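Hi,

Here's the structure I promised to pass on.

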Amino acid sequence: MKEKSFRFRESFSRAIRPMTDKQAGQLIKGLCDYAFEDKAFESSDGMLKSTFALVSDAIINVIKKLIQTDKEEEIDDIANGYITMLKDLSCFSSANIFGILTFDKTDLIKLFELEAYLIKLSNQDVVKRPMRGVVKLTLRNWILKSRNNYNSNYLYKCISNKSANNALSNHEVWMQKIENLNDKRENKVIKELYKNKSWIKYCWAKNVRFKQLNDSFVCSYSKIIPTPIMQSKYGSNVFGYKSDRIADVLAPIALVKGHPFLDQVACYDILYSQNEAKEEINYLCELINLFEMSETDKNIFLNDMLEYWYLSIKDKKWGYEHERRYQLFVFNYKDYTDISTDDRFLKIKSSVYLYPDFIFSNSPIKYRVALYRTEKLYSIAMRDYIYCHNCLQADFDNVTYCGIDNKTCSICDSKDIEVFRTSS
Ligand SMILES: [Zn+2]
């Protein structure tokens, strides 16, 4: 029987040299698990993560090998395959699950450099549709997603008793119109950045025309456990989510030629530092600059893309909220099946409040959510888990069969926990 193998590249050995024996051992084990057992590489160690990210080099090397062909159709297939892959990978929902895809800024420059090269090699034009839309979407997703080093903290949503009861009855999420958001300086901070343009690296990037955002709706979560101030402002029921699947369950269904498909939701951590925002916009320009187009087209491209940045920069004073925001773009020409709008809100059918991963609440809301949680766990759990009767979380990772007398819930520290066996 042929033994399975994977190539150990010189770049890996260079990366391993400065590591401790423990780190190197963990990396090798992770690589073997990944190559032979299909297990995701998980580590909180930054050095190990970045080394594993050498996967971006591996992708680039494979593509470069493949394009050493003279056949035009093959080059077109490889170019389109790579462009689609880079876009699809940009849609991964949680760094907890897809840690291997957390490409850093240097990786992304290399990946987009290759994309620009392949577009040129296959005689395609980045300024024309549909390529233009695909590249814009891919750039947006990677840059916004990589903020805060792909921070994958739990997500929290504060909701009042009234709103939570309504949401559990009508299965709707209400997203605010921009003008109704509580920060009256929404959409203004970015304009202030452009009052002085000395920080902008590219001449073609200096002339920016801000547009009206009539079609945007947002809903906000927090990346930290909500403080008492946040709970008194937004509601005392805290719905918790272990991984970021919010965008997936908020996506509206649109009909295109009678066929349903899930529309996009932009999601990002808010930036609270003007300097960080300037640096990021310059980075966006650096990536746009990789593509072959005139300076006028680069400027139009940037102006289109900046729309995704309008609502993602806020004043420092809001920093304590550690906001993660989901932004929906609703267009009149699309036929949506599960949304409605009124003067203040866009209402969308979603299961997001029905099935949080845990909840902190002293109100009867918790018992309503418990019914949904129990039903979901009965329906999908294939492994034993520890269930917490206090916060309702199911812990599949720390199941023990030696008794749980001295154990507490890994989310809320409650001792009110129980092992549920699905195998018996
Ligand atoms: Zn708990």
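Where is the place of His 171? His 171 sits in the loop between helix H8 (161-170) and strand E2 (172-177). Bear in mind throughout that this is a predicted model. I picked out His 171 for its backbone: phi is positive, about 55 degrees, although the residue is not a glycine.

You'll find Leu 392 in the loop between strand E13 (385-388) and strand E14 (394-395). Here the count is 25 other C-beta atoms within 10 Å, and the cut-off for buried is 20 or more, so Leu 392 is buried.

Pro 130 belongs to the loop between helix H6 (105-121) and H7.

H7 (residues 131-145) also has a helix partner to look at: its axis and that of H5 (residues 72-89) come within 8 Å and cross at roughly 40 degrees. The two helices are therefore oblique to each other, and their crossing is left-handed. H5 brings Ile 83, Leu 86 and Lys 87 to the contact, while H7 brings Val 134, Leu 137 and Thr 138. Sorted by class, that contact has four nonpolar residues, one polar and one charged.

Cheers

Terms used:
Residues numbered from 1 in each chain as written. Predicted model: local features only at pLDDT ≥ 70, side-chain atom pairs only at ≥ 80, totals over all residues. Axes fitted to C-alpha atoms, helices over the stretch in contact; angles between N-to-C directions. Helix = DSSP H or I, 4+ residues; strand = E, 2+ residues; numbered from the N terminus. Parallel < 35°, antiparallel > 145°, perpendicular 65-115°, else oblique. Left-handed = near helix turned anticlockwise from the far one by under 90°. Contact = placed C-beta atoms within 7 Å. Nonpolar A, V, L, I, M, F, W, Y, C, P; charged D, E, K, R; others polar. Buried ≥ 20, exposed ≤ 12 C-beta atoms within 10 Å, placed from the backbone.
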